[in-house]
Amino acid sequence: MEKNSGGILIPLCSPCDAQDRFLPGEFEQAVRLSLREPADGLYVCGGTGEGSRMGTGERMQACEAAVELARPAGKKVLVQVGAGDSETSLLLARRAAEAGADGVSTVPLPGLSWEEQLAYYAELPQASGLETVLYYTPGCTATLEQMKQALALPGITGIKSSTNDFFFTMQLLDARPEGVVLFNGKDEYLAPAVLQGAGGGI
């Protein structure tokens, strides 16, 4: 498993029709347009991409298309695999690895105790063999000590902080183990976060 290189990743949208069905052609066009930008890579099926509303097959299709188009351009692809249950998330992680993605990311899974959440975080990098980025969201109930525990797990290479609490983001920066990259997830905080030591933004 390679060390996370950080960088600026573009969060892709996932176009759909009036019935919420994924539109592969429009998605590929969005990928091509994004690849023209001077960014380091793409972030697939995250909140902007409404991955939680897409079917498992649609998410796999989006991942495969993004990797196929980004690879010749020398851009990295990070895939959000968080789902309603750990079985689906681990399946998406394995498929992301098979497709050739550079890494996977995950939001906290719903309905899990902290012990169960931690077990899932530990299993995810083993399932994919890829760099693995955790996600701290505004509604996340994990404490700083719990996040430190999660970031110390083998195979965890980064965290995306999307909280409006910039002070907490700074605490995460100070608390992360050596080699773990913090991605800033709030556009308005990107510059100060990078100045304070963040390794990139999404």
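A crossover is called right-handed if, with the strands pointing away from the viewer, the path from the first strand over the helix to the second runs clockwise. By that rule, β5, helix α5 (residues 144–151) and β6 form a right-handed β-α-β unit. A further right-handed β-α-β unit is made by β6, helix α6 (residues 166–175) and β7. The coordinates belong to a predicted model.

These units are part of a barrel. Eight strands close into it in the order β1-β2-β3-β4-β5-β6-β7-β8, with parallel pairing. Strands of a sheet pair through backbone hydrogen bonds, either parallel or antiparallel.

Strand β5 (residues 131–136) runs parallel to β6 and is joined to it by five bridges. Within that pairing, Val133 has Gly158 in β6 as its bridge partner. On the next pairing, four bridges connect β6 and β7 in the parallel sense, and here Lys160 is bridged to Phe183 in β7. Strand β6 (residues 156–161) is mostly covered, with six of its six residues buried. Buried means a relative accessible area under 20%. Strand β7 (residues 181–184) then pairs with strand β8 (residues 200–201), again in the parallel sense, over two bridges. In this pairing Asn184 stands opposite Gly201 in β8.

The largest pocket has a volume of about 200 Å³. Its lining consists of 15 residues, and Gly51, Ser52, Gln80, Gly82 and Val107 lie nearest the centre. Sorted by class, the lining of this pocket has six nonpolar, seven polar and two charged residues.

There are also two cavities of 30 Å³ or more. The largest cavity holds about 90 Å³ of space. Its lining is made up of Ser14, Pro15, Cys16, Asp20, Phe22, Gly49, Glu50, Arg53, Met54 and Glu58, which divide into four nonpolar, two polar and four charged residues.

The second largest cavity has a volume of about 60 Å³. Arg59, Met60, Cys63, Glu64, Val79, Gln80, Val81, Leu92, Arg95 and Ala96 line this second cavity. The elements that contribute two or more residues to that lining are α2 (56–70), β3 (76–80) and α3 (86–99). Among them, α2 gives the most, with four residues. By class, the lining of the second largest cavity has six nonpolar, one polar and three charged residues. Gln80 is listed both in the lining of the second largest cavity and among the residues nearest the centre of the largest pocket.

What aromatic contacts does the structure hold? A search of the whole structure finds five aromatic pairs. In one of them, the ring centres of Trp114 and Tyr121 are 6.3 Å apart and the planes meet at 75 degrees, so the pair is edge-to-face. Trp114 has a relative accessible area of 18% and is therefore buried; Tyr121, at 1%, also counts as buried. Another pair is Tyr136 with Phe168: the ring centres are 4.5 Å apart and the planes lie at 25 degrees, so this pair is stacked. Tyr136 is buried at 8% relative accessible area, and Phe168 is buried at 10%. Finally, Trp114, Tyr120 and Tyr121 form one aromatic cluster.

Technical notes. Residues are numbered from 1 along each chain as its sequence is written. This is a predicted model: local features need pLDDT of at least 70, side-chain atom pairs count only at pLDDT 80 or more; totals for chains, interfaces and linings use all residues. Side-chain values use heavy atoms; hydrogens and water are left out. Two strands pair if DSSP finds at least two bridges between them. On a 1 Å grid over the protein atoms alone, a cavity is a set of points where a 1.4 Å probe fits but cannot get out, and a pocket is an open set with protein on both sides within 12 Å along at least five of seven lines; lining residues have an atom within 4 Å of a point. Grid points are joined across faces, edges and corners, and a volume is the space filled by probe spheres set on the points. Ala, Val, Leu, Ile, Met, Phe, Trp, Tyr, Cys and Pro count as nonpolar, Asp, Glu, Lys and Arg as charged, and the others, Gly among them, as polar. Buried means under 20% relative accessible area, exposed over 50%, partly exposed in between (1.4 Å probe, protein chains only). Rings of Phe, Tyr and Trp (its six-membered ring) pair if their centres lie within 6.5 Å; planes under 30 degrees apart count as stacked, over 60 as edge-to-face and the rest as tilted.
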